[in-house]
Structure formats: C-alpha cells, structure tokens
Amino acid sequence: MKTRITELFGIQHPIIQGGMHYVGFAELAAAVSNAGGLGLITGLTQKTPELLAREIARCRAMTDKPFGVNLTFLPTVSSPDYPGYIRAIIEGGVKAVETAGNNPQQWLPLLKEHGIKVIHKCTSVRHALKAEAIGCDAVSVDGFECGGHPGEDDVPNFILLPRAAETLKIPFVASGGMADGRSLVAALALGAEGMNMGTRFIATQEAPVHEHVKQAIVAASELDTRLVMRPLRNTERVLNNAAVERLLAKEKELGANLKFEDIIEQVAGVYPRIMQNGDMDAGAWSCGMVAGLIHDVPTVKALIDRIMAEAEALITQRLAGLLR
C-alpha cells in the first residue's frame with residue numbers, strides 16, 4: 001500500500017509504532033520496521049544521550065529498514081540534554097523523528113540539515129496547523145480515545161481526522177483507537193495517510209515489557225481506562241487499577257486545590273516497576289480505549305500482516321461490493 005506516509009519515510013506499510021515510555025526499546029522498534037512499518041525508539045526512556053546512542057546502535061544491528069526516535073520536549077525546570085539527544089540521533093544515522101510535547105521549532109533546522117523527517121504529535125487541528133507552519137513534514141493526529149495525553153479538547157477521531165484533512169497540506173496519521181485493518185481503512189477514509197499504534201503494539205510478543213502488562217491489556221475492555229490529572233490540565237488516559245482509584249479519590253477530595261505533589265506517588269517513576277517488574281498496581285500507566293479491541297499477543301509481523309490483509313480485503317471486497 002502506497003500513501004504519502006510510506007513515501008515520506010520509505011516504509012512498506014502506513015503503520016507507525018508510537019513512542020511509549022519503557023516500551024519503545026530497540027527490540028520492538030526493529031520488529032516493527034522489519035515487518036514493514038516504522039518502529040520508534042523512545043528517546044527519553046534512555047536516561048542519557050550516550051545510552052540513546054547505544055540503543056540506536058542496537059536497533060541498527062537488528063534491522064536494515066528505516067526506524068526512528070521519539071523525542072518528547074517536556075516543560076520541566078531541569079530540562080533533559082536535548083542537544084545531546086539530537087546529536088545521538090544525527091550521529092546514529094536516524095532519518096525519522098517523532099516529536100511530542102512542547103513546540104519543537106528550535107530543533108527543526110538542525111534536524112532538517114541532516115535530512116531527518118519530523119512527524120509531530122498533535123491533539124488538535126490548531127496545533128497540527130502550527131506544526132505544519134514551522135516546517136514539520138507530517139503530524140500524528142491524536143484523538144480523545146488515545147492512551148497517554150489526549151489534550152484538553154476531548155475531540156474523538158471521527159471528528160478530528162476529517163477536520164485535519166480539511167485544513168492540513170502535509171500528510172498525517174491517525175492515532176488513538178487504532179488496532180486492526182478496520183482502523184486503517186477508516187483512518188484512510190477520513191483523510192489520514194496511515195495510522196499510529198501504541199497500546200496495540202504493547203500486546204505483542206516482541207514488546208519488551210512484563211507479561212502481566214500484556215495480559216492486562218488483553219483482559220481489559222473499552223470501559224477500563226480512566227482520565228487522570230484533569231484538574232491539572234495535564235490529562236492522561238490510563239488503565240484503571242488500585243493506584244488510579246487512589247489518585248482519582250485524591251483529585252475528588254482536593255478539587256481545585258490539587259497540586260502535582262499530592263499525586264506524585266501514583267505517577268512519578270512508576271514505569272520501570274510496571275513495565276519491567278509487572279507490578280500492575282504500582283501507579284498510573286498510559287493505555288488507550290483500544291484495549292477493548294485487543295484479544296491476543298501475536299508477533300509484530302503476524303499483527304502487521306493481519307492488519308494489511310484485513311485492510312486489503314475491506315477495500316477490495318466488502319466496500320467495493322457495496323457499489324455493485
């Protein structure tokens with residue numbers, strides 16, 4: 001399947017693996033790229049630029065296909081060493097970067113100078129237009145369904161994607177609620193040039209996370225996620241668990257007086273305990289409503305092959321048949 005996204009990134013299938021904290025390691029990124037998609041290493045999971053350089057080298061040893069790095073620009077007082085991370089990306093020969101969080105404008109000239117294509121994650125049309133205006137090559141449009149941070153507008157993809165298609169000139173992929181061939185065909189019909197999957201890729205054999213995490217996703221329904229940190233305007237969609245229930249109780253108790261420090265135990269530094277140790281009640285972790293569509297833990301290749309076969313059958317058989 002050829003779309004503007006496959007052409008832009010030099011990939012076979014219009015499927016991108018989203019950057020996910022303590023999930024996007026070389027093993028998963030390489031598996032996605034080898035299966036014809038675009039795999040992404042999560043940059044800030046690597047605590048230093050030197051560790052990111054090592055992870056890029058590990059991924060390079062596992063695939064000769066294009067892969068990228070997710071780099072989230074955080075609004076923090078003590079900022080990560082972004083110049084160092086970008087140097088590691090450039091020196092590692094990476095040609096695709098997914099940016100997220102704060103505006104990446106100051107870093108774009110350096111990335112462009114080295115022939116790196118940039119796709120920026122956006123949760124609204126206005127942010128997508130800004131990304132286009134500053135020179136991003138593509139955007140990932142994240143609907144309200146998505147795991148992680150859906151923004152504060154609460155617009156689902158059935159509205160957000162056509163709105164993006166009406167206004168953007170650069171290509172975009174759909175993110176949030178993406179799991180199978182139906183998702184891909186729907187995204188294409190609504191104007192996207194492909195899809196970005198996060199939660200679906202966690203429940204794969206190559207995802208380097210604890211088996212408890214994968215089974216929690218398979219067991220979950222579309223009703224099992226919660227929105228936390230809404231009072232702080234830093235909304236995150238997470239899978240419900242005991243820690244999330246405590247967090248929500250604290251939000252309700254404190255109301256407008258809530259501060260980040262009040263919930264820090266449930267959200268700070270919990271990812272290694274969950275993703276690596278399988279402590280499922282250690283804290284809040286990002287998960288999309290799409291968990292309700294995830295029923296197995298296949299290999300990445302089996303998943304992507306299945307998605308593309310489903311998409312082709314939908315387009316050439318069911319949808320085409322409706323016009324006869």
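**Note on aromatic contacts**

1. Phe73, Tyr82 and Trp107 are linked by ring pairs into a cluster. The model is a predicted one, and the points below should be read as describing that model.

2. Over the whole structure, a search returns four aromatic pairs. One of them joins Phe73 and Trp107 in a stacked arrangement, with 6.2 Å between the centres and 5° between the planes. Phe73 belongs to strand S3 (residues 67-73), while Trp107 is in the loop between strand S4 (96-101) and helix H5 (108-113); the pair therefore ties together parts that are 34 residues apart in sequence.

3. Tyr82 also forms an aromatic pair with Trp107. Here the geometry is tilted, at 6.4 Å centre to centre and 50° between the planes. Because Tyr82 is in helix H4 (residues 82-91) and Trp107 is in the loop between S4 and H5, this pair ties together parts that are 25 residues apart in sequence.

4. For Trp107 the relative accessible area is 14%, which is under the 20% limit for a buried residue. Tyr82 has a relative accessibility of 4% and so counts as buried too.

5. A separate item concerns a charge and a ring. The charged end of Arg237 is placed over the ring of Phe144, at 4.9 Å from the ring centre.

Key
Residues numbered from 1 in each chain as written. Predicted model: local features only at pLDDT ≥ 70, side-chain atom pairs only at ≥ 80, totals over all residues. Heavy atoms only, no water. Phe/Tyr/Trp six-rings, centres within 6.5 Å; stacked < 30°, edge-to-face > 60°. Helix = DSSP H or I, 4+ residues; strand = E, 2+ residues; numbered from the N terminus. Buried < 20%, exposed > 50% of the residue type's maximum accessible area, 1.4 Å probe, protein only. Lys NZ or Arg CZ within 6 Å of the ring centre and 35° of its normal.
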